[in-house]
Amino acid sequence: MNGAGNNRRGRTLRPRLEKALGLLGSTKVLADIGCDHGYFAFAALRRGCCESVIAADISAPSLAKAEKHTMESGLGSRLSFRCGDGLSVLSPGEATAAVLLGMGGELIVSILDAERETAHSFERIVMQPMRGEAELRGYLIENGYHIEDEAVVFDAERYYQLIAARYAPEELNAFPPGWPEGYFQFGPCSLRKREELMLPMMQRYLSVIETKLAGAGKSGSLPQALVREAECTRRLIALFEQTEE
């Protein structure tokens, strides 16, 4: 699920993974869940983002390739591999941070929800959903997670949203005045930071929704969910443009 550029052993990461490294910051023990061939884990170690990595994936063949790369990299003593489903490979407190990158938002939700004690023990969780951003963000907000930072990146002709969060039910997630209630497709942190790519991302999203509405209108029926998506996105675009003034 992770990915790298063409450099040997993944030294050049895709832009979305570079952004994830930035959101991660530094930690002691990183859990890379859904590590694929381990490119992100290798980069995190080489760049000093963590002291050690537990790399996990449900695919034994992917882990075998990652272990082969590890033998060639000289990082074997700092990187271990576990084959299993989601966070089930970890004990609570065994890792200080986790990344879940390149999978659907609904899948990330199911992974966090299946092992709540472990998920709650991380100092930071960095997530990069391929889709299902609203479902993921809604789950985090409604289940005691504090969204600490967000980012937007353009990679291979697509916009991606990244979320950094931790379990902190005592901390409220603040939304700017005028934010549509219960609308989680986009993130308040990105708007407050005036994330450069947030505006074109929302504009593209709105264009897709409006195209769907135009097609639905020809049949004489407008899906109310799409109508709300368009209305909420227009409101956020207006909010973003106001913050630029």
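Student: Is Ser 190 buried or exposed?

Tutor: This is a predicted model. Buried means under 20% relative accessible area. Ser 190 has 3% relative accessibility, so Ser 190 counts as buried.

Student: Where is Ser 190, and which residues is it in contact with, leaving aside its neighbours within four places in sequence?

Tutor: Ser 190 sits in helix H7, residues 188-192. Set aside the neighbours within four places in sequence. The contacts of Ser 190 are then Glu 150, Ala 151, Val 152, Glu 195 and Met 198.

Student: Which residues of helix H1 are buried?

Tutor: Helix H1 covers residues 15-24. Its buried residues are Arg 16, Leu 17, Ala 20, Leu 21, Leu 23 and Leu 24.

Student: Why do the buried residues of H1 line one face of the helix?

Tutor: Look down the axis of H1. The buried residues line one face because they fall within an arc of 165 degrees.

Student: What do the buried residues of H1 pack against?

Tutor: One partner is a helix, H2 (39-46). The others are strands: E1 (29-33), E4 (97-103), E5 (124-129), E6 (145-155) and E7 (158-167).

Student: Are H2 and H3 roughly parallel or roughly antiparallel?

Tutor: H3 spans residues 60-73. The axes of H2 and H3 come within 10 Å and cross at roughly 30 degrees. Angles under 35 degrees count as roughly parallel. That makes H2 and H3 roughly parallel.

Student: Which residues of H2 and H3 meet, and how do they divide?

Tutor: H2 brings Tyr 39, Phe 42 and Arg 46. H3 brings Ala 66, His 69, Thr 70 and Ser 73. The residues of this contact divide into three nonpolar, three polar and one charged.

Student: What is the phi of Asp 36, and where is Asp 36 found?

Tutor: Most residues other than glycine have a negative phi. Asp 36 is not a glycine, yet its phi is positive, about 55 degrees. Asp 36 is found in the loop between E1 and H2.

Student: Is Arg 194 buried, partly exposed or exposed?

Tutor: Arg 194 is found in the loop between H7 and helix H8 (198-217). Buried means under 20%, and exposed means over 50%. At 41% relative accessibility, Arg 194 counts as partly exposed.

Methods:
Residues numbered from 1 in each chain as written. Predicted model: local features only at pLDDT ≥ 70, side-chain atom pairs only at ≥ 80, totals over all residues. Heavy atoms only, no water. Buried < 20%, exposed > 50% of the residue type's maximum accessible area, 1.4 Å probe, protein only. Helix = DSSP H or I, 4+ residues; strand = E, 2+ residues; numbered from the N terminus. Arc of directions from axis to C-beta. Contact = heavy atoms within 4.5 Å. Axes fitted to C-alpha atoms, helices over the stretch in contact; angles between N-to-C directions. Parallel < 35°, antiparallel > 145°, perpendicular 65-115°, else oblique. Nonpolar A, V, L, I, M, F, W, Y, C, P; charged D, E, K, R; others polar.
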